[in-house]
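Q: I am new to this structure. Can we go through how to read its features, one by one?

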Amino acid sequence: MTLFSLALDVAHVGLTVAVAPLLTGWVRWVKARLTLRRGPSPFQPYRDLRRLLRKDIVLADSVSWVFIATPFVLFAIMALAACLVPTFTPSLALAPTSDLITLVALLGLARFMLALAGMDAGTSFGGLGSSREMLIATLAEPAMLMVVFSVALMAHTTALPNVALFVLAHPPVFHISLVLALSALVLVALAENARIPIDNPTTHLELTMVHEAMILEYTGPHLALIEAAAMIKLTLYVALIACLFAPWGMATDLSDARVVALGIGTYLGKLAVAGTALAVFETGIAKMRVFRYPEFLGTALLMGLLAIVFLYVNQVVS
Amino acid sequence: MIFALPLEPATLADIAQALSVGVMLCGFWMLLQRRLVNVVRTYAAQAFLLALAAAWQAYVQDERQLLTTAVIILVAKALIVPAVLNRIIVKLDLRRSVATSVGFGRGLVGAMGLVGFSMLLVFPVTTTSGALTRETLAMALSVVFLGFWMIITRNRAISQVIALMALENGVLLAVVGVKGMPLVVEMITAVLVLLTFMVFGIFFFHIRTRFDSLDVRNLERVHIIPWLRSS
Amino acid sequence: MVGVPALVALTLLLAGLGGVGLVAIALGRFPGVARCAVYGLSAALCAAMAGIAGVFLLDPASDTQTLELPFGIPTVGAHLRLDPLSAFFLMLIGGIGALCSIYGESYGRHDSEPLRILPFYPVFLAGMGLVTLADDVFVFLLAWELMSLASWLMVLGGKRDGITLQAAYLYLLMAMGGTLALVGAFALMSSESESYVFSTFRAQTFPSLTASAVIVLTVIGAGAKAGFVPLHVWLPRAHPVAPSHVSALMSGVMTKIALYGLIRVGFDLVGLPEGWWGGLLLVVGGVTAVAGLLYAMVQTDLKETLAYSTIKNVGIIAIGLGLALAFRAYGLHVLAGVALIAALFHILNHALFKSLLFLGAGAVVQATGTRNIEQMGGLGRRMPATAAFFFIGSVAISALPPFNGFVSEWLTFQALLGGVALPVWTLRLATPVVAALVALSAALAAMAFVRLYGVVFLGRPRDPAAARARDVGIGMLGPMAILAGACLVLGIVPLGGLVVLRPVMIELLPRSGAALAASDVLTLVPLAASGSAYSGVLLVGVLLVLGLGALGVVRVLAGRACVRRGPAWDCGFPSDDPSAQYSAASFAQPVRRVLGGLVFGIRDVVTMPPPGSMRAAVHKVTLDDRLWKGLYARLGWGVHRLAVEADRARQMTIRHYLMIMFGLTLALLFLVAVTA
């Protein structure tokens, strides 16, 4: 690992972490505009995080070390995951050390910790959130794995930079497997990021919340870290979708500053487009009942399976 | 070619594939709808995609006949039938639930199993045909299976009729997707289904007037030969 | 050091373990001394066994050793053999056995009737060891039964109550049934090769039908012991009622010995596999993996939940083995190697973390006096060390990085991704479905262990006994610490497991040398061509740097902020009543409702009183195990009917008996007349 590639990795993580609150703010702003409100500025999340970081911490009497460690673990995992997903360039130093399955498992570890933290204070809402979060994960994980499977079948690897390079090396094609895998991944991403129709990121009505219920007892800097982690996770999923299905614009030649600038520019552009699409989608749809999640994610699973089957068929014949 | 688009042969096949998968997914989504109105909407979408598939095949196979089929499907199945069904729904006030006999979860698992099964059935026996034919056949068989599954898992006669027509969409998909299938076959199926539709229409109004409900479970309670018991 | 004597030394150690059982009986009058002697000697002998086996496995110069002893069947004798496969399993038995023995010494201190366990414990260990060394049918079955019966006696020795008796009875029935299937499998091979010795089986090529029948019978026989669904019913009943260190051995090691039987027959004795054998194991494994955890989710007994999760892990191992068989059948040797390593690695990992969890559960049970998790809560602050080790075990078993459970499941996924290379449609379509099942089971495992850890160790105590719990002593914490450390080390540096497993792989699949060959201390690389890799060291390193960085940033930015303790907020409606917390049952409710209906017809019925009424609302959960009702209850009913009929035959008059005999004679004569 040379010094340059190390610096590149640091810049890479820094960019994703820095831009994550802006993406969340952007989604909120577009949503506000779509519902004919003025809405807070897209930069509001930065101010919120700064405010939270300065506040005192109140810990519930009954909490153990799990509750205190979780915000840090969560933030570290999301930042680490940001090292693993190529955004503006596929040449990352850390990315070859782990693949897509490891990435999914890392996010699983974050979820595991958060669900435990939800149960730590010994309240009913925390447990409710944890239980539902784990249910969603249970249903989303198989669908996610099907996406991984179909990507691996296409690119013959599960290492993310290699997938990006593979897609870049081939002309853009319209293929049904790609469409199906992409749709499955989008559904999974909505579920994993606690977006409508699975969860409502803005709700504070007790019985409808999942993610918010788990972090109910968090205060001050702890809450800031968890919020930041959630924002990074959203950015991460957008980056992942872009890396797997639309890596165009990524800078493969790092010696040319213009190419790198173009890579960063297209990355930011992709984030903006995805954020707008998410806002439009969320404005147009209502939240689901908890027991309809299986249908939503079951559809994702079916689409993932079909994507694999069609890849099989085409491989055999062609 | 009637007219030539600047597309690669592989892309032509891909679009055909996408359309047949779309028809299948519509059949799947139909099973997930809770409201009859949405079931009818999904059915209309399925018929619309089927019409597109037929039109696309007309272009790919260069068969003008199929274009006629596409128009017929579009007008009859995507416009008229949904409109009639909607009228029945409004008239009989059936807008609410679809009344399933099997839970949605189990219905979903069963449907996924059927889709897998149809592939398992089609792929090994069609190793000599091209990828497109195999996929279209697999999708068509899936649609047929899903239609059957919906008939089995629904209690209301009206859902069963929609399911039957969705099933027929599967047959049509196979007919338009496979090269060289004569038009007669689809004509006959179409007429058959139309007849069934009419029969069911009469049947609806009859069971409705007798039982105040369209639930076919009522029929199970009817003693067809009551005098046998009395004797 | 390892020359000829390795096998001899191991045999002597096993005989010594058998002798320790006699020591226990001899010292019966002094239970304290007997306890120290039995567990001390067992620990020493097991450690020696693990050491010798380990040296044998790691020494590249060591060669397969055989030994013929003059007992057993006359003129045949008893054959023993030490090869990398048996050495690997001996290491497992020795290592886990030694730790469980040390733990048992402290754990058994409060046992009122130690002699109900002590004589059988070393015999159980010796039986398991002997299974791995056996090289003929007689020794194998003898050792197998020794292991079954010794563990059965310990299940029976746990407590004197109806549940224990029932569990032990069921266990005995299933164990006997399983052995019967194994006898059938060996009988088929023996009659074909006209020998009882494994070496002749190896040299023989069996006809396809015989080989397939042998495999099916072995899957039934070994599966009944390992816990394949639907033969698993005894396992979650029998494992928990034994003392915890015995539960750890039964769940962590004995199920693996059952799988050893499957590996020995499937990869070594019957010759080249057929494609569908792998498919059979894939399907059985996939169903087992998911069903085991669905059951685990609805249990409220701490040790029973762990036993059900054992079933899940056995399913994952079966998937790895099935893939290896399938790849081998179609000549994909390198992929077969990856799949086999995945299965063996999971065997190793599961032995480690399941033993850890059972030992942790034993500590919890001893501290609270109950196995019901609904009476626990808040133990994380009362028993911090046990909680920390149980936490490591929970993360590891949920297949999450950076622990060892993730490594083997990751390898299983990598092997499943290779399924596209299989030339048969059914298998090719099966691999993604099985991958989805594995993913589902991994996610369910995470849910089950969030529930277990959350309800037992987090929140507030639900019972006064839990509020008074104290952490256990060093004698019990020590073994847990070692196991937890092993889980972490194998997760970060998987090469440590790989060096032990690769000799086994090379022995069973000689042409798979390229599998995982590109791995080094830093990274695990299953197939050099694919570029997929896992590096635990870097992952953990970067994670630590980032986590500490976040801590530093927060410290700097929040310099003036202070930390206060206060009551939980709970949306402004906190309740002092600890029963207002989310319980184990409520945590499982979504999964019960979404997935439970399919498997065991679970129904949640809530009866609300009408408005204005003061009656309490009633929530009733009914569970209706379809498998038990559909298969076992019917089987039991059939046996009962048969017994009733037989009983009727027993009470007939002499005239009837004579009539039956006369009729039979006539029938036979008729047969003679017709055929002649």
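Q: In which sense do strand 1 of chain A and strand 3 of chain C pair, and over how many bridges?

A: Strands (E, at least two residues) and helices (H or I, at least four) are DSSP runs, numbered from the N terminus. Two strands pair if DSSP finds at least two bridges between them. Here strand 1 (residues 57-60) of chain A and strand 3 of chain C pair in the parallel sense, over four bridges. In strand 3 of chain C, C:Gly566 stands opposite A:Ala60.

Q: What should I know about the model and its labels?

A: This is a predicted model: local features need pLDDT of at least 70, side-chain atom pairs count only at pLDDT 80 or more, and totals for chains, interfaces and linings use all residues. Side-chain values use heavy atoms, leaving out hydrogens and water, residues are numbered from 1 along each chain as its sequence is written, and chains are lettered from A and ligands numbered from 1 in the order in which they are written.

Q: How many residues of chain C are in contact with chain A?

A: Contact means heavy atoms within 4.5 Å. By that rule, 77 residues of chain C touch 81 residues of chain A.

Q: What area is buried between chain C and chain A?

A: The size of an interface is often given as the accessible area lost when the parts come together. Buried area is that loss (1.4 Å probe), summed over both parts. Between chain C and chain A it is about 6,800 Å², and carbon and sulfur atoms give 74% of it. C:Leu417, C:Arg565 and C:Tyr582 supply 9% of the area that chain C buries against chain A, more than any other three residues.

Q: How many salt bridges are counted between chain C and chain A?

A: A salt bridge is a side-chain nitrogen of Lys or Arg within 4 Å of a carboxyl oxygen of Asp or Glu. The count between chain C and chain A is zero.

Q: Which helix of chain C gives the most to the side that touches chain A?

A: Helix 17 of chain C does, with 19 residues. Helix 17 spans 425-457.

Q: Is C:Leu516 buried or exposed?

A: Buried means under 20% relative accessible area, exposed over 50%, partly exposed in between (1.4 Å probe, protein chains only). C:Leu516 is buried, at 2%. Its phi is positive, near 60 degrees, in a residue other than glycine.

Q: And A:His156, buried or exposed?

A: A:His156 is exposed, with a relative accessible area of 55%. A:His156 also has a positive phi, of about 60 degrees, although it is not a glycine.

Notes. Buried area is the accessible area (1.4 Å probe) that two parts lose on being put together, summed over both.
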